[in-house]
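Please open the structure in a viewer and keep the selection tool at hand.

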Amino acid sequence: MKIVVCIKQVPDTTEVKIDPETKTLVREGVESITNPFDEFAIEEGLLTKEKYGGEVHVITMGPPQAKEVLKNAYAVGSDYVYLISDRAFAGADTWATAYTLSAAIKKIGDFDLVICGKQAIDGDTAQVGPGIATQLNIPQLTYVDKVVEIDPDNKKIKVERLLEDGKEVVEASLPALITVVKDINEPRLPSLFGIKKAAKLDIPTWTADDLPVDKDKLGLKGSPTEVINVFSPEVRGGGEILEGEIPEVVSTLVEKLMDMKIIQ
Amino acid sequence: MGLSFDLTEEQDMMRRMVRQFAEKEILPVCVELDEKEEFSVHLTRRMAELGLFGSIVSEEYGGTDVGYLSYIISVEEIARVDGSQAATLAAGVSLGISPIFYYGNEEQKQEWLPKLCSGEILASFGLTEPNAGSDAGSSKTTAVLENGYWVINGSKIFITNSASEISGICVVQAVTGKRSDGKNELSCILVPNGTEGFEARPMHGKMCWRASNTGELYFTDCMVPEKNLLGRRGEGFHQMLATLDGGRLSIGAMGLGGAQGAFEAALNYSKEREQFGRPIGSFQVNAFKMADMATQIEMARLLLYKACWLRDNNREFSKEAAMAKLVCSEVFRMCANHAVQLHGGYGLMNEYRVEKFYRNQKLLEIGEGTSEVQRIVIARHIGVPGRAL
Ligand SMILES: Cc1cc2nc3c(=O)[nH]c(=O)nc-3n(C[C@H](O)[C@H](O)[C@H](O)COP(=O)(O)OP(=O)(O)OC[C@H]3O[C@@H](n4cnc5c(N)ncnc54)[C@H](O)[C@@H]3O)c2cc1C
Ligand SMILES: Cc1cc2nc3c(=O)[nH]c(=O)nc-3n(C[C@H](O)[C@H](O)[C@H](O)COP(=O)(O)OP(=O)(O)OC[C@H]3O[C@@H](n4cnc5c(N)ncnc54)[C@H](O)[C@@H]3O)c2cc1C
């Protein structure tokens with residue numbers, strides 16, 4: 001099994017603050033960590049390797065500081081790590097991010113399984129995983145809370161997906177991409193042996209020139225989304241639930257809406 | 001290279017790892033272990049699995065060889081959460097493993113170090129006796145060489161890691177004869193737990209480090225092969241002093257980590273607890289306590305890390321080790337005291353962590369040389385007249 005895990009470096013906080021002037025994330029004074037969901041992705045990669053044999057490759061796209069999360073991934077036992085970094089990638093939206101990452105995965109080549117986190121705690125879109133699967137034209141299994149089994153010979157994977165109101169067991173052919181939820185496993189800590197190896201590691205960096213990409217599709221230039229405004233929404237008060245017989249509820253609702261001058 | 005306060009990437013990664021481990025695996029169980037006076041084989045083995053017991057040992061013997069400062073950072077991070085587990089680690093490494101690593105011959109190192117680094121067994125350092133505490137050179141335990149065996153008689157007290165289920169070996173200081181100057185000849189001898197005539201009894205009822213194992217040792221015609229002598233005959237006292245220099249850095253780390261933990265607990269509480277309509281941390285008298293804690297912790301850390309740096313760079317560090325031990329344990333006393341005071345009545349309850357810091361602190365002014373003994377050591381280093389006794 002050749003497994004590729006995609007991880008993102010994110011600020012260590014669940015309360016992302018946005019600078020009202022520049023409309024970008026405030027990163028000062030906030031430590032960077034591996035996106036927590038991606039810790040589960042790495043662990044799932046390692047568990048899969050331990051069970052079925054093979055190797056784990058970990059990639060991240062980001063600035064040079066993102067090497068730190070790769071070092072951690074290496075310290076816990078990943079076999080290869082690569083930093084995907086180039087000024088040309090800056091300003092990428094989720095589409096361009098997925099495009100670039102899928103090019104890196106193609107370069108690694110011959111992969112059986114791609115593992116992503118469910119979502120990043122800063123960007124929060126949960127689009128990159130599915131985006132990569134689409135670019136690579138492979139099946140996507142999102143919100144996986146358990147890998148039931150993998151049949152490497154017949155190239156099949158069966159997983160359990162965590163849905164809002166239940167679970168679903170689905171099977172797909174390999175290669176496939178899964179995105180994993182919290183608690184699918186218990187991420188291990190690196191040992192001092194791993195840390196020592198990782199600290200010495202010289203991490204290879206792949207730039208746009210190293211990847212099979214169309215350079216017009218990278219970074220800001222290649223991003224179809226345009227950011228008009230970024231803001232923290234005001235906290236909304238709780239809503240009101242009207243109860244009773246339908247005709248009665250409807251007339252109360254209409255009255256209220258008229259009072260609020262929402263309808264006339 | 002000139003002065004630099006940057007830790008290496010390896011040290012940063014290690015600190016993060018140990019902190020995560022302490023918060024995830026020790027924090028949830030440490031109050032109960034302390035209450036029940038229960039030594040945890042599981043946590044000890046986990047620390048070993050993470051490579052913490054081998055941090056000063058070279059790789060050929062199963063160690064990670066990351067240096068003394070790194071080791072000290074690991075003890076500091078564990079002590080930030082729990083003094084007992086920090087004691088198991090610190091005594092295991094600086095008192096148990098280090099004399100074997102530094103003074104053992106090849107065969108002894110091959111035999112013991114891999115098992116000690118992997119946490120299969122623990123080593124202890126048997127120096128203190130009921131009547132030889134601060135005056136550690138006055139040991140009464142004797143070892144007589146007869147037909148290729150050391151025959152040991154006597155007893156030891158307060159020996160950390162010596163009487164647990166996984167205690168495997170004790171470095172015992174014993175009188176092996178008379179020197180030409182008439183003083184006792186002291187030597188260290190390796191005595192495996194389970195040897196006939198060697199009884200290790202766990203001691204109970206400690207105020208501090210309740211989940212750390214402390215033993216009382218009895219030797220009655222206990223026989224071990226002559227080759228169990230550590231280093232050369234008559235070097236025991238010197239080995240012990242050198243081992244204690246390293247041990248003092250460990251106690252320093254426990255003081256620093258404990259002070260940090262107590263400070264953080266106090267700061268958090270001072271933001272949450274409100275009286276007279278505002279957080280108690282906003283009263284200047286309380287804010288100043290926390291400012292003092294932060295300042296003294298910074299000072300203690302600088303001194304301790306400098307002493308470790310001296311050691312890692314093969315410089316003389318004995319004076320700085322004594323200073324660091326003294327300062328770190330006294331800073332911890334101040335921090336634990338302020339932290340309990342800031343918690344008010346809740347600070348006295350074991351549900352709040354500061355109570356444990358308060359109890360654990362006191363040992364640090366006593367173990368591995370009391371604060372008075374540290375001052376004697378420092379006074380001698382700076383050249384006071386006489387022996388400062
Ligand atoms: C319109 C737009 C413009 C943007 N402009 C910028 C910009 O100028 N500068 C900037 O820094 N960011 C920018 N971003 C943010 C950036 O595109 C996203 O952070 C990135 O695409 C990941 O999306 P997400 O955080 O929602 O991740 P999600 O889709 O929630 O992440 C899901 C999973 O995908 C994987 N993944 C996500 N990102 C990466 C990565 N970088 N490397 C490896 N794996 C990854 C991880 O496994 C992760 O768990 C922009 C986003 C948008 C929508
Ligand atoms: C939990 C715990 C774990 C321990 N672990 C170990 C271990 O692993 N191995 C080991 O060998 N020992 C260990 N010890 C023993 C410890 O090192 C001794 O308790 C310590 O050295 C003090 O000796 P003592 O208790 O006999 O006190 P004493 O020496 O009797 O001292 C009593 C008081 O007199 C003071 N005093 C003594 N001499 C002087 C002097 N010359 N000038 C001024 N004041 C003086 C002391 O400072 C102290 O205040 C441990 C102790 C404890 C409590």
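Rings of Phe, Tyr and Trp pair if their centres lie within 6.5 Å. With that criterion in mind, select Tyr61(B), Phe101(B) and Tyr102(B), which ring pairs link into a cluster. The model is a predicted one, and a search of the whole structure finds 10 aromatic pairs over all chains.

**Second stop: a pair between distant parts of chain B**

Select Tyr269(B) and Tyr352(B), whose rings form an edge-to-face aromatic pair, with 6.0 Å centre to centre and 80° between the planes. Tyr269(B) belongs to helix H6 (residues 236–272) of chain B, whereas Tyr352(B) sits in the loop between H8 and H9 of chain B; the pair thus links distant parts of the chain, 83 residues apart. Is Tyr269(B) buried or exposed? Tyr269(B) counts as buried because its relative accessibility is 8%, and the limit for that class is under 20%. Tyr352(B), at 26% relative accessibility, counts as partly exposed.

Select helix H8 (residues 318–343) and helix H9 (residues 354–364) of chain B. Their axes come within 9 Å and cross at roughly 155°, so H8(B) is roughly antiparallel to H9(B). The crossing in which H8(B) passes H9(B) is left-handed. To view the contact, display side chains including Phe332(B), Ala336(B) and Val340(B) in H8(B), and Phe357(B), Tyr358(B) and Leu364(B) in H9(B). By class, the contact of H8(B) with H9(B) comprises 8 nonpolar, 5 polar and 2 charged residues.

Select helix H2 (residues 67–75) of chain A together with helix H1 (residues 9–36) of chain B. At what angle do the axes of these helices cross? They cross at roughly 70° and come within 12 Å, which means that H2(A) is roughly perpendicular to H1(B). The crossing of H2(A) and H1(B) is right-handed. Glu68(A), Lys71(A), Asn72(A) and Ala75(A) of H2(A) make the contact with Glu9(B), Met13(B) and Arg16(B) of H1(B). The residues of this contact between H2(A) and H1(B) divide into 4 charged, 2 nonpolar and 1 polar.

Methods. Residues numbered from 1 in each chain as written. Chains lettered and ligands numbered in written order. Heavy atoms only, no water. Axes fitted to C-alpha atoms, helices over the stretch in contact; angles between N-to-C directions. Helix = DSSP H or I, 4+ residues; strand = E, 2+ residues; numbered from the N terminus. Parallel < 35°, antiparallel > 145°, perpendicular 65-115°, else oblique. Left-handed = near helix turned anticlockwise from the far one by under 90°. Contact = heavy atoms within 4.5 Å. Nonpolar A, V, L, I, M, F, W, Y, C, P; charged D, E, K, R; others polar. Phe/Tyr/Trp six-rings, centres within 6.5 Å; stacked < 30°, edge-to-face > 60°. Buried < 20%, exposed > 50% of the residue type's maximum accessible area, 1.4 Å probe, protein only.
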